[in-house]
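Here is a brief report on one protein model.

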Amino acid sequence: IAKQLIPASVLFRSDPTVILNPVADAYIRSGLEENTNFGNNGKLIVKKGYGNGRFESCLRFDISAIPTNVTAAKLRLFGSINNNSVTSIPVIVFNVPDNSWQETTITFANKPASSKFGLDTAIVSGTNSVYYEWDITEKLNELRLAGISMISLKLKNISLSLNSRINFNSKESNTNKPELVVYYNTPIAVA
C-alpha cells in the first residue's frame, strides 16, 4: 500500500481568531511634561515635534494564552490626524523588550527603550477616524516560541509633523479600543 502525503492545508485550519485588548497603555510626552503620566487618558498620541512636541505611545498585551502556531498578528488602532495641516503621517510600531513599565507610572523620562528597528509602518491619513493595522506576526511568534507571555509595543512618528498629531483611542475609550488580532492554525483531527 502506497502512502500518500496529506497537504498541510487539509491538516490545519486558520479559522480561530483571538482579539486581545491591552492590559496597559499610555502616551508619553517630551519636554516640560516629560515627568507627567498620561496613563488614564482616553487617547494614545503620536507626534514628532520640537521640545514639548514629541509624543510616543506604549501598549502591553498579555499573550500567554496565544499558541505558538500564529499565522497572522495585527495591532489595530482606531484614530486620525487632529487637523488638516498634513495629509498623512507614517507611524512605526517598535517592540519594547522590557515589559516591566506600568500604565500609571510611565513617563517620557522613565520610558523603556524600544528595539532599534521597527516591526511595521502604517500611514495615517485624514481627520476621519478609522482602524489602522501593523503586522507584528514575526515578533509575536518569536516571543511565544521563547515562552514570553507579554508583548510591549511603542508607536513613534519619525517624520516631523509640527502642528499635527495622531490621536488613537486608548483602552480607556468607551469604543474602538486598541486590539491585537491573532489568527492561528488548529490541527484537524484525522481519523
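## Basis

Two strands pair if DSSP finds at least two bridges between them. Strands are DSSP runs (E, at least two residues), numbered from the N terminus. The model is predicted: local features need pLDDT of at least 70, side-chain atom pairs count only at pLDDT 80 or more, and totals for chains, interfaces and linings use all residues. Residues are numbered from 1 along each chain as its sequence is written, and side-chain values use heavy atoms, with hydrogens and water left out.

## The sheet

Five antiparallel strands form an open sheet, ordered β3-β5-β10-β7-β8. β3 (24-29) and β8 (120-125) are the edges; each has a single partner strand, so one side of each lacks a neighbour in the sheet.

β3 runs antiparallel to β5 (residues 55-62), joined by six bridges. Ile-28 has Glu-56 in β5 as its bridge partner.

## Aromatic pairs

There are four aromatic pairs (ring centres within 6.5 Å; Trp by its six-membered ring; planes under 30 degrees apart are stacked, over 60 edge-to-face, the rest tilted). Tyr-27 and Phe-38 are stacked, at 4.4 Å centre to centre and 10 degrees between the planes. Tyr-27 lies in β3 and Phe-38 in the loop between β3 and β4 (43-46), so the pair ties together parts eleven residues apart in sequence. Phe-38 is buried at 13% relative accessibility.

Trp-134 and Phe-168 pair edge-to-face: 5.8 Å centre to centre, 80 degrees between the planes. Both are buried.

## A partly exposed loop residue

Leu-160 is in the loop between β10 (150-156) and β11 (166-169). Leu-160 counts as partly exposed, at 41% relative accessibility.

Note on methods: Helix = DSSP H or I, 4+ residues; strand = E, 2+ residues; numbered from the N terminus. Buried < 20%, exposed > 50% of the residue type's maximum accessible area, 1.4 Å probe, protein only.
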